[in-house]
Amino acid sequence: MKKDELIALRDAAEQIARAAGRHTLRYFKKPFDLKFKQDDTPVTNADREAEQIVRESVEKQFPDHGFIGEESGRDGEKRDIVWVVDPIDGTQSFIHGVPFYTTLIGILVEGVPQVGIIYAPALGEMMVAARGSGAWLNGQPAHTRPCTDLASASFLTTDLTHIREHGMNEPFEELLARCRIHRTWGDAYGHLMVAAGRADVMFDPILSLWDAAALLPVVVEAGGSFTDVYGKETIHSGSAISCTKGIRSDVLSFFEKKS
């Protein structure tokens, strides 16, 4: 796909994400319906309604595109262009009134993630990227920062439970000991922090396709590295590390020891 076509897709996805994300603000720090799915993860009516806004917009504007949504399932996932959507990434943050949740849209072209949107509606931050056109935060170029030393790096993750459940304690503890500071500003917002040059490493021991599809183009176009814990640039492995390129090999070395 040509560069101008990807930019047009990015711009359309940005507007759709903005509409869906703003809809979630109707429920943020206000009454909402909360249920739990079979895997015990929470879902609200805000999630479902925001995803429906995206789905209906895609069906209207791009009827020949496929769609994969966390809440509403898959339709036309084998098509050349597929939208991958998480209407509220960080639902735990959302339900507790913490503004670090995001609306995510990734667009796959022939299976390759080419467009990424990370929108934090409660913070008013929109990060967008199309392959070959850079990453942009609220209309300004976004870049990872030039960190080359773990001793000066800031390290983010979402929570400790998933790290323990997936046997990642050892590399996590080593990173914790080597990095200057750590915080749990996690979920997709942690990856945005790396792409925006506010943090240096974000580690997700587990994430889904609808999480990763938006993140990879954003982080890579910001000049960073987005891989699974084994160093492969992919959205399908179920784990992710975003980091500045200057410390990539050091970060991945801890996971190589485990494997």
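Q: What does asparagine 138 count as, going by relative accessibility?
A: Asparagine 138 counts as partly exposed because its relative accessibility is 45%. Buried means under 20% relative accessible area, exposed over 50%, and partly exposed in between, with a 1.4 Å probe and protein chains only. This is a predicted model, so local features need pLDDT of at least 70 and side-chain atom pairs count only at pLDDT 80 or more, while totals for chains, interfaces and linings use all residues. Residues are numbered from 1 along each chain as its sequence is written, and side-chain values use heavy atoms, with hydrogens and water left out.

Q: Where is asparagine 138?
A: Asparagine 138 is in the loop between β9 (135-137) and β10 (140-142). Helices (H or I, at least four residues) and strands (E, at least two) are DSSP runs, numbered from the N terminus. The phi of asparagine 138 is near 50 degrees, a positive value in a residue other than glycine.

Q: And what is the phi of lysine 29?
A: Near 60 degrees, again positive in a residue other than glycine. Lysine 29 sits in the loop between α1 (3-24) and β1 (34-36). It counts as exposed because its relative accessibility is 63%.

Q: Switching to histidine 65: buried or exposed?
A: Histidine 65 counts as buried, because its relative accessibility is 11%. Its place is the loop between α2 (45-61) and β3 (66-69).

Q: Which side chain does histidine 65 make a polar contact with?
A: That of tryptophan 83, at 2.9 Å. A polar contact is a pair of N or O atoms within 3.5 Å; within protein, one must be able to donate a hydrogen and the other to accept it, and residues adjacent in sequence count only if both atoms are side-chain atoms. Leaving aside neighbours within four places in sequence, histidine 65 is in contact (heavy atoms within 4.5 Å) with Leu9, Val58, Arg79, Ile81 and Trp83.

Q: What about tyrosine 101, buried or exposed?
A: Tyrosine 101 counts as buried, because its relative accessibility is 0%. It lies in the loop between α3 (91-95) and β6. A polar contact of 2.8 Å joins its side chain to that of threonine 24. Beyond its neighbours within four places in sequence, tyrosine 101 has contacts that include Phe28, Ile88, Phe94 and Tyr119.

Q: How many residues are in the largest nonpolar core?
A: There are 35, and Val84, Ile118, Met127, Leu215, Phe226 and Ile235 touch the most other members. A nonpolar core is a set of buried Ala, Val, Leu, Ile, Met, Phe, Trp, Tyr and Cys residues joined through side-chain atoms within 4.5 Å.

Q: Which element supplies the largest share of this core?
A: α7, with nine residues. Elements that each supply at least two residues include β5 (81-89), β7 (112-120) and α7 (209-221). A second, separate core of 24 residues includes Val54, Val109, Val115 and Tyr119.

Q: What order do the strands of the five-strand sheet have?
A: The order is β12-β11-β13-β15-β14, in an open sheet with mixed pairing. Two strands pair if DSSP finds at least two bridges between them. β12 (181-183) and β14 (225-227) are at the edges with a single partner strand each, so one side of each has no neighbour in the sheet.

Q: In which sense do β13 and β15 pair?
A: Antiparallel, over four bridges, between residues 201-204 and residues 240-243. Aspartate 204 has alanine 240 in β15 as its bridge partner.
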